[in-house]
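Please open the model in your viewer and keep the selection tool at hand. The tour below goes from stop to stop, saying what to select next and what is there.

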Amino acid sequence: MKHTNMRTGDKATVYLVQQGIWDMPLESMPLASGYLKAMATAQERIRGHTDIRTFNYRGGATLTKMVNNLFTEGPPDILCCSVLGWNYRTFGAMAETFKQLNPDGWVVFGGTHVANQADRTFRNYPEVDVVVNGEGELPFVDLLTAYLEGTSPRALSHIRGISYHGGAGEVATTDPRDRIEDLDIIPSPALTGAIDLTDADGRFRYDVALMETNRGCPYKCAFCYWGGAIGQRVRAFSRDRLRQELELYASLKVHTICLCDANFGLLPIDEEFVDDVIAIRERTGYPRALESSWAKNKSKVFYSIVEKMKDAGLRSSFTLALQTLSPDALSLMNRRNMKVNEWEDLVAWLNKEELDCYAELIWGAPGETVESFLAGYDRLSQYVSRIAVYPILLLPNTEYAEKRAEYGIVSVRGDHDDFEYVLSHNTMSFADNQAMQRFLFWSRVMADAAVLRHSWIALRTLGGVSQSQVLRNIDEWIVHTDDPAAEPLRDAVTIGTDAPGAAIDYLYREASARNLLQRWWDESMRGLLPPDRLAVLDEVFRYDLLTLPVYRQPEQELPGELVPVWFGDDAYVIRRGIRFAYDIPAIITALRGGDEPDLRATEQTVDVYYRLGVETFTTTTNSEEIVHFMGRTKDELGSADLSFMSSEGPYTALLRDAGGCG
Ligand code: B12
Ligand code: SF4
């Protein structure tokens, strides 16, 4: 029997559905759906007999909204979902609705959260017919072919790399598939048009352009899955193809390229990629920033890439993905012998080069204790102030998940997602975890989201106060202060919510929140500081508050003292002539470089440049992006950026589009 679809004659309709995590004004790029569509439509038979459409939803889209949007004109023949921890339940429920409308239709789930998890997935959502285990491109082609040939979804034993419902209710899992050796057999989703790249006005429609330059990671960290690519040889896309994609993104004026690679800067070809990025940027002005998970083993290639990017003014945030500094936790994580642990020299070098750098820690890994964690946090903060701390998640297909009984792990599923949040284990009690959640909140808000940036190093070196002390101090003060502006923050410090985003948004947006921070500083911090350093520390703190991004309030004009300018197509404003009693930029540079700062009072006037548009990112806690909006001096902006600067451009139109200011 050949399946046909009533609405499109002899073409079977296939819907590829993805939902991003965050509810941002801009969508996240549906890269996985794009690969699947590009691969399938490259096959003549499938192209001729199917109509494959992609549907991409923001984090805020409700299930009701999605099913109305997808099924109003009737259901497709095959519903395919890209499943991650944040959309597992929604897509499971969507499958239920789909089967009411089309009992003979197929539901295919793929993605990191369901791969190799068919037992649980089918138990939770029996309406799902097939789970794809691992890379999806080849099984997807086989599944569509089987569908077109009239095969039953219960008779798929000839397709490797999947699970389906076998006879008598058991789960049938076929042999795993080898990973794709030559990635160029997958047509590019961007170059083939498999992904819609522009909106109705012809502008790039996503927050960032997601790209893979390779797949695979030589390590096997116990908390990670990385799409099944861990413990795998790295396979790369060809330089030529990547260059063509970059050209396309540059023509669409894409600001940030975000790589999905696990270890960028490991291979010599990574440097070639950066050479291409720089050459294209020099010619077109884009991209402006390149973000990635950098190689854990910082080789010559890495240093050379960073030098080149710096010379070209191409921005990036360098993440030190340390995860823990505790030897016990590192051992259980399988990261004891990774070179990333020799990080001090690297950070000193990045600081000297004045490159943004931040570190990543996981709170609550097996083997970690409160004491070992805080000791590690403060040791790290001597070098890096922006420390992103993630509470440990137990992800499917990871070693931690397999050894949960051995480590005594107790977890709870998320209120709004299907991730497993660890509550306790052999070295962490419930109470330890609860206390540390408050700390994590403030670390996320004040340090990671860079509400304070330069104050950390100044407080530590000139004031003798550690970063964890500052964070505990603000927590304590916010609990007790009578300032009504503290109320939203008190509400936000609750365990297990998405509150840091709201708190960061609040602190960036509201003038009263900045006044609150000033009051905290005056009432609670100044008393801890050495009197002879107070004046200069006051000014560093004021500099931090003044360089927080300019947040546009809907329907409100920007303050008149902000002068608009253009850097290429990016709108900036300048706040001119800010007076400081000390040369704060020079003091910060000296402290970061490990040099003796000149602490003599010398009045300085600084012009600060702010890129506009931060309101797109604050509620998402997307701190890599937020830093690009911080106020900077002309020197910090870099010569390459300045070469694209002009004082003219469609400034008024852009402001109007973005919320009525102008
Ligand atoms: C980009 C990215 C993000 C972006 C998301 C962008 C977006 N589009 O939504 C951002 C930065 C927002 C992000 C955030 C997080 N992420 Co993330 N992220 C990634 C990353 C690096 C790339 C994802 C990607 O597009 N890969 C490329 C595509 C092609 O690969 P893929 O999705 O695996 O798809 C292939 C197969 O899975 C399969 N497939 C996928 N879908 C489908 C559908 C069908 C029908 C079929 C047949 C096959 C199929 O075929 C595809 C092609 O081979 C991955 C790691 C990785 N390299 O995959 C982690 C990853 C997805 N992230 C992960 C996690 C845990 C997070 C965070 C929770 C981290 C944290 N602790 O905060 C947060 C979530 C936000 C939050 N605060 O709660 C985990 C997810 C694990 C899980 N079970 O869901 C991953 C796998 C990393 C890991 N540690 O293992 N992330
Ligand atoms: S955490 Fe990074 S280095 Fe470790 S296995 Fe995952 S992708 Fe590889």
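**A tour of ring pairs and a helix pair**

Select tryptophan 520 to begin: at 0% relative accessibility this residue counts as buried, a word that here means under 20% relative accessible area, with exposed being over 50% and partly exposed in between (1.4 Å probe, protein chains only). This is a predicted model, in which local features need pLDDT of at least 70 and side-chain atom pairs count only at pLDDT 80 or more, while totals for chains, interfaces and linings use all residues. Residues are numbered from 1 along each chain as its sequence is written, chains are lettered from A and ligands numbered from 1 in the order in which they are written, and side-chain values use heavy atoms, leaving out hydrogens and water.

Tryptophan 520 and phenylalanine 541 form an edge-to-face aromatic pair, 6.2 Å centre to centre with 70° between the planes; rings of Phe, Tyr and Trp (its six-membered ring) pair if their centres lie within 6.5 Å, and planes under 30 degrees apart count as stacked, over 60 as edge-to-face and the rest as tilted. Because tryptophan 520 lies in helix H19 (residues 511-525) and phenylalanine 541 in helix H20 (residues 534-546), the pair ties together parts that are 21 residues apart in sequence; helices (H or I, at least four residues) and strands (E, at least two) are DSSP runs, numbered from the N terminus.

A search of the whole structure finds 23 aromatic pairs. For another, select tyrosine 88 and tyrosine 125, whose ring centres are 5.3 Å apart with planes at 70°, so this pair is edge-to-face.

Finally, select Phe264, Phe273, Trp294, Phe302, Tyr303 and Trp349, which ring pairs link into a cluster.
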